[in-house]
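Me: I want to check the labels on this model. Let's go through them one at a time.

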Amino acid sequence: MSYTPSTGPRTLYDKVFDAHVVHKNEAGSYLLYIDRHIIHEVTSPQAFEGLTNAGRKVRRTDCTLATVDHNIPTESRKNFKNVDTFIKQADSRLQVKTLEKNVKDFNVPYLGMQEDRQGIVHIIGPEQGFTLPGTTVVCGDSHTSTHGAFGCLAFGIGTSEVEHVLATQTLIQAKSKNMRIKVTGTLNEGVTSKDLVLHIIGLIGTAGGTGSVIEFAGEAIEALSMEARMSMCNMSIEAGARAGMIAPDETTFEYLKGRPLVPTGAEWEKGLTFWRSLFSDKDAKFDSEIVIDGTEIAPTVTWGTSPQDALPISGSVPDPSKVEDPIKKSGMIRALDYMGLEANTPLTQIPVDKVFIGSCTNARIEDLRSAAAVVRGHKKAQNIMRAMIVPGSGLVKRQAEEEGLDKIFVDAGFEWREAGCSMCLGMNPDILSPKERCASTSNRNFEGRQGYQGRTHLMSPAMAAAAAITGHITDIRTFKINKPESAKVEVSSDEDEELKTAAYNHEEPVQPTEAPTDIEEDEVDDIPSPAKADTKASSGGMNPFTTLTGLAAPLDKANVDTDAIIPKQFLKTIKRTGLSVGLFYEWRFQKDANGKDQETDFVLNVEPWRNAEVLVVTGDNFGCGSSREHAPWALKDFGIKCMIAPSFGDIFYNNSFKNGLLPIRVDANVINEKLIPIARNGGQLKIDLPNQTISDDKGNVLVPHFEVEEFRKYCLLNGFDDISLTLQLEDFISKYEKVRRDKYSFWEGGSALVNFPMNIKEQKFVKPKPLTTYDIVHQDW
Ligand SMILES: CC(C)[C@H](C(=O)O)[C@@H](O)C(=O)O
Ligand code: SF4
């Protein structure tokens, strides 16, 4: 079906979406072209394995960039020789080595541990200028939303979708809703974009943005630096949104100009003209809009086990006895118990054991500068066992060292580490011990996130630094800063410039020599009409789902995150199977005196629910958080085939379909009145996908109609693997690529312009063949 964008007023999201539609099918799903695909070691092995098994290639290596970040140790790399000797944990080493093999086999540009440009995926993309305004950016990682700060449509995907993008450079998408959050006024002293985003999540909740792309707008947003905007968009996933976006402006262009992968000359000018058109039109319609007075926001911290448990620093730990809603009340009691907190304790009286300044939210140079400004001339408090600074990339680290920030931290008793995800999720040795409390600049305070039974309080870098000095959570506005001249570490713009240029020791990027002339708008729509999918040819080995009559298990919880469904230690596999043992691991098992796992009375450990095939969840937002496809893999491995809940995390919802699982949204009242009683009694539910109904085992219809998108239903009923379906649309994809090469030529260079060292042994940069990428657009696949 040919796609004609609306000619009326459009939002920023509408405009970026429209610019990427390759095809729209009869069921109303869109095939979107993906400009930028970033890859890391945790969510890619199974995708490359899929490609290998199917004999497929990476369609656009120049649109793909890989690095390692989650698993790697953050201790000094002074003696780094290779991954084999450096990474002690065998499973982590295997994942990193698997990525290194895959990038070599598939010729994907890679920034590995042997060089400074390595870092957290969401830090290196913008740093290198790989992230450009108006692009579609994806990664097998939920915090891909970070890149929305550049006016990109950027979102996390699961491993099946990673494979889909590698093979086809496209993704099948439904259109999200438009939501706008306007922040008026000027933020007060001590209030950063981290406080702002925590405040917003506290306000709208972790399901507040579900199904929507949030555009952040208003004076307070416009006044933010690019790095501060990235911290905001980063956490839009914690608000449940598909993506967060900010319209590109002069601050954006200023940040980008001169970065290694950013176009130059005529291409830059052409890009600018397009990028300046990326804003929401005056009369554009938003499905929802919230206006927040920025002047009323205080420094904000979390007290509980969800990012929505956020309060102004002047507040106290909430009191469950004052809460009426029974689900909220029991959730609060559980959170206080887990966090080891007494109701009504002032937040500033909570002592801290460890401090972590790092992660894709807050490990950029401005974050380190603001933390250093607080730490300067102080010593960490006696009770702080460990205070870690983990820069987001090797280049951030190098820049900080040039400014002497490392010295400030080390003098105060902090550890100065190498780049990586580190204690944000503790897949490497950086973890909390049970019951330790951490002031953290990361983005998730889920149970067990930073270590088994670890307790996390999220906050800004300045607040975390202050907590390290005082030993307890601290209001930065009352903290005595040792000023050299001013509260901020002053850095000249020359030094800023250095980060962009001097640090990137490679030659000038090769740009397409001529900027192709612009083409007419309607040429984008001039795409041949769709060929009917050859359904027979496309089955990819997924079991079809038609009807299911299965035992239902009840789960009385809200906001069940994917960290809880499958904790980080199980993400180190390079397979899709064998994960049932990790399902709800920290709820299903506890350690005995000998450190052995003993089963708890969690519902799936109890008869008859050990054999459950349907999971009935009473609370909202099941599967929120991380994009780990390991969550549906673990459920499937356990035997669950269908999940019913009032709402789901977007990425989890998507990932489930890709694995032949059916997530069904049902109104909370219907769940509570009709479905949960049957599940509690150990009864069966009959799920009829063709008719979209749920009945009991006697045939009484309990849910006369549930929603499921046509295209997903079609794939599930037939057990179709959507990569094969998409590959049948090759003509559309090549047609789009042709248009893209002309109209959006400024997006072409991509990662092909990264000079990456493939010769790790000799530590030599091996220059890739000069590519304009035009040569490799049509691969023989
Ligand atoms: C490992 C990855 C899938 C995960 C994510 O998607 O967010 C991780 O980055 C996290 O922060 O939990
Ligand atoms: S949230 Fe943490 S673990 Fe996930 S990408 Fe960011 S830094 Fe890495």
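Me: In which loop is F584 found?
Reply: F584 is found in the loop between α18 (562-565) and α19 (585-588). Helices here are DSSP runs of H or I with at least four residues, strands are E runs of at least two, and both are numbered from the N terminus. This is a predicted model: local features need pLDDT of at least 70, side-chain atom pairs count only at pLDDT 80 or more, and totals for chains, interfaces and linings use all residues. Residues are numbered from 1 along each chain as its sequence is written, chains are lettered from A and ligands numbered from 1 in the order in which they are written, and side-chain values use heavy atoms, with hydrogens and water left out.

Me: Why is F584 called buried?
Reply: Its relative accessible area is 0%. Buried means under 20%, exposed over 50%, partly exposed in between (1.4 Å probe, protein chains only). Therefore F584 counts as buried.

Me: What is the phi of F584?
Reply: Near 45°, a positive value in a residue other than glycine. Most residues other than glycine have a negative phi.

Me: Where is N621, and is N621 buried or exposed?
Reply: N621 is in the loop between β23 and α20 (630-638). With a relative accessible area of 0%, N621 is buried. Its phi is near 65°, also positive.

Me: Why is A612 called buried?
Reply: The relative accessible area of A612 is 1%, so A612 is buried. A612 lies in the loop between β22 (597-599) and β23 (614-617).

Me: What kind of peptide bond joins E607 and P608?
Reply: A cis bond, with omega about 0°. P608 lies in the loop between β22 and β23.
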